[in-house]
Amino acid sequence: MAVTVREICEIAKAKGCTLATGHENLGRIVRYVDCIEIPNMEAWMRPNVIYITTGYVYSENKERLLSLIRSLHEAKAAALAIKSRFIGPYMEDVLKLSEEYQFPIIIMSEDLAFVELNYAIMETLVKSKNNDKRKQYDAKIKRREADKKLFVDMLAGNLVCEEEFSHRTGEQKWPKPPYRVMLIEAVSLMDQLNNRSEDEVEEQYQKIEQWIREILLEEKYSCMVLSNNSFFPCIIKKDISEPDQQCYEDVRDFLEEKTGLDIIIGISEIMTSYSEFTQAYQSAMDALDIVRSQGIKQKVVCIEKAGYWKLLKEISGQPACKDYVERELNALIQYDKENDSNLLETLETLVNHLGARNTTSTSLFLHRNTLMYRIKKIENLTGYNLSEPDSILELSLALRLRHFI
């Protein structure tokens, strides 16, 4: 389904709307229409979408409204149709920024229900379908868009009762509970897709999604797979209660071979209801943070098996942890910054080798005398004796916490 912003403007004009900005970009392709009536939608904005909103969620917050315009521009959205009732005081700033981007803004009349405009646009998009192959493709896209909408609705807390969770997830044929959330990150994917056309980018996303489905089905998992920038959120289910670590490793190996990218994976604990989805998603994100943290070798972490690292992640948000890290490490960080040195890296390697000088010098490709000089400097700056196990333990804790703060 594809029409241009110019055609959408003609539809909107007939309903009393006005094109305020973006006159030079009326040739933009519109493939979908969506509504924005919840905050924090930026991460889920997509190219070639015309968004419609009353503007209510952005009332009394000019910066959030301007951030919306920037995000739409960066996501290469097609246009925005918005009412002025709730954003009137900021309209001048909005139009000025939109004009800089030449981003099309359509001002809706106050008595026009946005459902009416949404329906008219959808009707036009539907009529643009011209062959069976396109219809099949559109059905697939519609399913993906419905999956994304449900995913966002659950994260935003827009589903309020167990019956609604059950109905919506059943309608989309998501795996029935119990389930896990698996977050797959294709590191550097955005760099790989840079300067590619929109169709090429979309094709690559669908290809990776299909690869994920293939390997999960091969491992006897039922699944739902989405994509968002370099992330591929999945909901997975298998008739086992324990984390299937080898399976997760096989998924990563398969995807690395197919994509040529570094793949890291975080998996939530098992959940028995979709009402716990936000908690599941956050625990999978925590697992990914643990993977990214230095000093841990695994590229796949199930939060249930994270142990010590899970505990560090949980306590890292406490003010006392931040104070502790600053007190123990700031002198080293400042010294490295002022002298272009590598004392912090040296300390981290030393504690990873439990204070062993020989293996540390080998790992850093340093002469032992050079290492001893650095250790003396670290001891002077921190006040610790790095020959004592307790000192290694305390600094190790500060270094580990630092990666989560």
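A crossing of two helices is called right-handed if the near helix is turned clockwise from the far one by less than a right angle. In this predicted model, helix 8 passes helix 9 in that right-handed sense. The axes of helix 8 and helix 9 (residues 245–259) come within 10 Å. They cross at roughly 145 degrees. Helix 8 contributes Ile 208, Trp 211, Ile 212, Glu 214, Ile 215 and Leu 216 to the contact. Helix 9 contributes Asp 250, Val 251, Phe 254, Leu 255, Lys 258 and Thr 259. By class, the residues of this contact comprise 8 nonpolar, 1 polar and 3 charged.

Helix 8 spans residues 198–218 and includes Gln 206. The relative accessibility of Gln 206 is 13%, so this residue counts as buried. The cut-off for that class is under 20%. Leaving aside residues up to four places away in sequence, Gln 206 touches Tyr 137, Lys 140, Ile 141 and Arg 144.

Strand 9 pairs with strand 10 (residues 231–237) in the antiparallel sense, over 4 bridges. Within that pair, Cys 223 is bridged to Ile 236 of strand 10.

Strand 11 (residues 262–267) is mostly covered, with 5 of its 6 residues buried. Strand 11 pairs with strand 8 (residues 180–187) in the antiparallel sense, over 6 bridges. Here Met 182 has Ile 267 of strand 11 as its bridge partner. With strand 12 (residues 300–302), strand 11 pairs in the parallel sense over 3 bridges. In this pairing, the bridge partner of Ile 265 is Val 300 of strand 12.

Another open sheet of 5 strands has the order 2-7-6-5-4, again with mixed pairing. Strand 2 (18–21) and strand 4 (32–35) stand at its edges. Each has a single partner strand, so one side of each is left without a neighbour in the sheet. The twist averages 25 degrees from one strand to the next. Strand 5 (residues 49–53) and strand 6 (residues 79–83) run parallel and are joined by 4 bridges. Helix 3 (residues 91–101) lies across strand 2 and strand 7 (105–108), at about 70 degrees to strand 2. Helix 4 (residues 114–127) lies across strand 4, strand 5, strand 6 and strand 7. Helix 4 runs at about 165 degrees to strand 4.

Nonpolar side chains tend to be buried together in soluble globular proteins. The largest nonpolar core here has 78 residues. Leu 80, Leu 347 and Leu 386 have the most contacts inside this core. Helix 10 (residues 277–292) gives the most to the core, with 8 residues. Leu 386 touches Leu 347, Leu 350, Arg 357, Ile 375, Ile 378, Glu 379, Ile 392 and Leu 395, not counting residues up to four places away in sequence. A second, separate core has 28 residues, among them Ile 184, Cys 247, Ile 265 and Cys 302.

Technical notes. Residues are numbered from 1 along each chain as its sequence is written. This is a predicted model: local features need pLDDT of at least 70, side-chain atom pairs count only at pLDDT 80 or more; totals for chains, interfaces and linings use all residues. Side-chain values use heavy atoms; hydrogens and water are left out. Buried means under 20% relative accessible area, exposed over 50%, partly exposed in between (1.4 Å probe, protein chains only). Helices (H or I, at least four residues) and strands (E, at least two) are DSSP runs, numbered from the N terminus. Two strands pair if DSSP finds at least two bridges between them. Contact means heavy atoms within 4.5 Å. Axes are lines fitted to C-alpha atoms, for helices over the stretch in contact, and angles run from 0 to 180 degrees between N-to-C directions. Ala, Val, Leu, Ile, Met, Phe, Trp, Tyr, Cys and Pro count as nonpolar, Asp, Glu, Lys and Arg as charged, and the others, Gly among them, as polar. A nonpolar core is a set of buried Ala, Val, Leu, Ile, Met, Phe, Trp, Tyr and Cys residues joined through side-chain atoms within 4.5 Å.
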